[in-house]
Amino acid sequence: MSDQSDFYGSETGHGTGHDERSGSEVLAPEQILCVDCGGTCHLLTRPYLEEDGSQGFRPGDIVAYRCSDCLDRWDIELE
Ligand SMILES: [Zn+2]
């Protein structure tokens with residue numbers, strides 16, 4: 001029997017060390033499904049666009065959708 005003790009799995013590369021950003025942004029879908037009629041609701045609210053190129057929404061933002069079929073408006077709070 002060969003008893004070779006091989007140790008090759010010493011991975012030192014830890015990917016993400018810090019995942020705590022104050023200005024974390026969330027993504028809002030461009031379209032959602034209307035719960036009333038099953039149609040497509042389109043995003044009305046535009047995401048913010050910073051000068052440094054970052055864009056999106058922040059947790060707690062209210063985004064509005066308009067259904068193209070029944071014209072209902074839906075306000076969704078982002079998490
Ligand atoms: Zn609808």
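1. T40 is partly exposed, because 15 other C-beta atoms lie within 10 Å, where a residue is called buried if 20 or more other C-beta atoms lie within 10 Å of its own, exposed if 12 or fewer, and partly exposed in between, the C-beta atoms being placed from the backbone. This residue sits in strand β2, and strands here are DSSP runs of E with at least two residues, while helices are runs of H or I with at least four residues, numbered from the N terminus.

2. Please keep in mind that this is a predicted model, in which local features need pLDDT of at least 70 and side-chain atom pairs count only at pLDDT 80 or more, whereas totals for chains, interfaces and linings use all residues. Residues are numbered from 1 along each chain as its sequence is written.

3. Leaving aside neighbours within four places in sequence, T40 is in contact with Q31, C34 and S68, a contact being a pair of residues whose C-beta atoms, placed from the backbone, lie within 7 Å. T40 and Y65 are 25 residues apart in sequence, yet their C-alpha atoms are 9.2 Å apart in space.

4. As for the chain as a whole, it has six strands and zero helices, so that from the N terminus on the elements read β-β-β-β-β-β. Of its 79 residues, 4% count as buried. Among the contacts with a separation of 6 or more, 47% are between residues 24 or more positions apart.

5. Four strands make an open sheet in the order β1-β2-β5-β6, with antiparallel pairing, two strands being paired if DSSP finds at least two bridges between them. The edges are held by β1 (31–33) and β6 (73–77), each of which has a single partner strand, so one side of each is left without a neighbour in the sheet. Neighbouring strands of this sheet are turned by 35 degrees against each other on average, direction ignored; the axes are lines fitted to C-alpha atoms, for helices over the stretch in contact, and angles run from 0 to 180 degrees between N-to-C directions.

6. At the β1 end of the sheet, three bridges join β1 to β2, and these strands run antiparallel, with I32 having C41 in β2 as its bridge partner. The two strands form a hairpin with six residues between them, and in the turn G38 has a positive phi of about 80 degrees. In the segment before β1 lies E30, which is exposed because 10 other C-beta atoms lie within 10 Å. E30 and L44 are 14 residues apart in sequence and 8.7 Å apart in space, C-alpha to C-alpha.

7. Strand β2 (residues 40–43) is also joined to strand β5 (residues 62–67), again in an antiparallel arrangement, by three bridges. Within this pairing, C41 stands opposite C67 in β5.

8. Strands β5 and β6 run antiparallel and are joined by five bridges, with V63 standing opposite I76 in β6.

9. Phi of L71 is near 60 degrees, which is a positive value in a residue other than glycine. L71 counts as exposed, because 11 C-beta neighbours lie inside 10 Å.

Notes: Contact = placed C-beta atoms within 7 Å.
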